[in-house]
Amino acid sequence: MAANVEEFAQQMKRYITDPAAFVVNVLDAHPDKWQEEALQAIGTKPRISVRSGHGVGKTAFEAWCVSWFLFTRPYPKIPCTAPTQQQLFDILWPEISKWLKRSPLLDELFEWQKTKVTMRAMPERWFATARTASKPENMAGFHEEHLLFICDEASGIDDGIYETIEGALTTSDAKLILCGNPTKNSGVFKRSFFEDRDLYWTKRVSCMDAARVSDEYSQRLIKQYGMDSDVVRVRVLGEFPKAEPDGLIPLELVEAAMMRDAETDVDADVMLDVGADIARFGDDETIIVPRIGSKVLGLFHFTKQDLMTTCGKLLNITKGMMKDYAKPFATIRVDDDGVGGGVTDRLREVILQDGLNIDVVACHNGGRANDKEHYANWVTEQWCGLKQRLVDGDISLPQDDELAAQLSTRKYSVNSRDQIILEDKKSYKKRIHRSPDRADALVLAFANGGETDPGLAALLGGVKLYG
Ligand SMILES: Nc1ncnc2c1ncn2[C@@H]1O[C@H](COP(=O)(O)OP(=O)(O)O)[C@@H](O)[C@H]1O
Ligand SMILES: [Mg+2]
C-alpha cells in the first residue's frame, strides 16, 4: 500500500508539467500527434495558440486541459470563453463532461454543472467556469496563482476581452490557450502567429494531416472551390484568408457573422422573413432561409422534391416559425424566374384558401434595381445590401461550409455604365460546378422589394399590414 501511495504521489507530481501523461493515464484518451505536442507545450509554457481547419480536435484538447488543470493545481480557476453561446454551452461544455466521465476518479472529485465544473469538496474556490465573450467584464475578477484561460474559436473574440485576460496573466502559473479557425486577419489571435509570436507556442493543423477529419470533407471543398480559395484556406488548411480577387463579399465578413450571437427580435413590428431558392434541376437543392431581424434562424435544404411538396414544406416551416416566435405576419420571397414561378402561384393559392397572414413576394434577379444608377440589376443590389449588413456587423448566420463558400466566391465587376454587376449564375456555375443556391436564398431572406401578391393587396384594400 505504502508503495502504491508513493507511486501515486510521484505520478501526481509528474502530471503537473506533463499533461500528455495525464490525458493518456487518467482520461484514457489517445491524443493525435498535434494534440500530444500541444499538451507538452502547455505543460511548461504560459501561452499557446492553435489554428486549424474544422474538426481536428481543438475543443477536445481544450477539454483535456481543463481536467488537467483542475486535477493538478490547488484552488485553480479556469475561465473558458467562446464567441457564441452555442460554441460555449453546446460544444465546449459538453466536451468537458464527456472526458471527465471517462475517469471514475475525476467524476467523483468534480461536479459538472451547466456553466461550471467544481471540486465537490470546495466548490467556491476550485472551479472551471463558462463565460460568454459578450463583454470584457465577464472575464474580469480572476487574480489567482493558478489560472488557465481558454478561448475557443479565438478569431471571433474581441480584443477588449483579451485585454481583460491579459491584465490577469500576472502569476507564474497563469496560462492562456487560444484555439480556432483563422477567420480574421486582425486581432489578438492573428497577432499570436505573427507580431506577437515570441509570446506564444504556436501550431497550425491542416485537416489534410488530421486523421479524424474525413478525406471526403477536404477533397470536396478543394475540388469545388480550389486550394487557393479562402474557404479552403480557413476551413481546411488552417490558413488566414487573403480575400478572393474580385470577390464581392470577403470570407472574413461571413465568418464573423457565423460567430456572432444575435437575439431574435421580439419587437412587435419586426416580422418573419423567409427566402426561398427553388431547385431547378435534379441535383440542385431547394433552400429555405428564415430570419427575424438580424438573426437567421436556420438553413433548410432538400433535393428532388416535386413543387407541391416544396410548397408544403415552405409553408410548414414558415407557419412553424411564426408560431414559435409569436410573429403574426410573414413574408416569403421566392426567386420567381423559372421553376420558382410555379411555387409562387401555388403558395398564393393555398394562402388565400387558408386565410394565412403570409405575403408571397415574387423576385426577379434580372429585374431593375431600386437604385438604377449604381446597380446593374436587382440581384446585384440585394447582394450589395447583404454585404453592407455584414460590414455593419449586426447580423448572425448559421455555421455552414457551403453557405460560407458560396457567399465568398461570387465575383462582381463594373460595367460600361459604371454600375456594379454581380457575376451571373451561369458563369458562377461554370466556374464552381454548383448552383449558388444557399447564398441566393439567404440574399432573398434579407431582400427589399419584389412583387407583392396582387390578390392579397386587393384583399387588404390598400391597407398595409406590414413592411
Ligand atoms: N484524440 C481524440 N480521441 C478521441 N476523440 C477525439 C480526439 N480528438 C478529438 N476527438 C473528438 O472528435 C470530435 C471533433 O473534435 P473537436 O475537438 O470538436 O474538433 P475542433 O474543435 O477542432 O473542430 C469531437 O467529438 C471530439 O471529442
Ligand atoms: Mg471546436
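Which residues in α3 meet which residues in α4? The close-ups below, taken from a predicted model, begin with that contact.

**View 1. Helix α3 meets helix α4.** From α3 come W34, Q35, A38, L39, I42 and G43. Their partners in α4 are K58, A60, F61, W64, C65 and W68. By class, the residues of this contact split into nine nonpolar, two polar and one charged.

**View 2. Geometry of the α3 and α4 pair.** Two packed helices are described by the angle between their axes and the distance between the axes. Here α3 spans residues 33-44 and α4 spans residues 58-72. Their axes come within 11 Å. They cross at roughly 35 degrees. The crossing of α3 past α4 is right-handed.

**View 3. The shell around ligand 1.** Ligand 1 is surrounded by 15 residues. The closest are G55, K58, T59, E95 and K98. Helix α4 gives the largest share of the shell, four residues. Both α4 and α5 (85-100) supply at least two residues each. The shell divides into five nonpolar, five polar and five charged residues.

**View 4. Polar contacts to ligand 1.** A polar side-chain atom of E95 sits 2.5 Å from an oxygen atom of ligand 1. For T59, a polar side-chain atom lies 2.8 Å from a ligand 1 oxygen atom. A60 uses its backbone: a polar atom there is 2.8 Å from an oxygen atom of ligand 1. Taken alone, ligand 1 exposes 550 Å², and the protein buries 75% of that.

How values were computed
Residues are numbered from 1 along each chain as its sequence is written. Chains are lettered from A and ligands numbered from 1 in the order in which they are written. This is a predicted model: local features need pLDDT of at least 70, side-chain atom pairs count only at pLDDT 80 or more; totals for chains, interfaces and linings use all residues. Side-chain values use heavy atoms; hydrogens and water are left out. Axes are lines fitted to C-alpha atoms, for helices over the stretch in contact, and angles run from 0 to 180 degrees between N-to-C directions. A crossing is left-handed if the near helix is turned anticlockwise from the far one by less than a right angle, and right-handed if clockwise. Contact means heavy atoms within 4.5 Å. Ala, Val, Leu, Ile, Met, Phe, Trp, Tyr, Cys and Pro count as nonpolar, Asp, Glu, Lys and Arg as charged, and the others, Gly among them, as polar. A residue is near a molecule or strand if one of its heavy atoms lies within 4 Å of it. A polar contact is a pair of N or O atoms within 3.5 Å; within protein, one must be able to donate a hydrogen and the other to accept it, and residues adjacent in sequence count only if both atoms are side-chain atoms. Accessible areas come from the Shrake-Rupley method with a 1.4 Å probe; for residues, only the protein chains shown count as cover.
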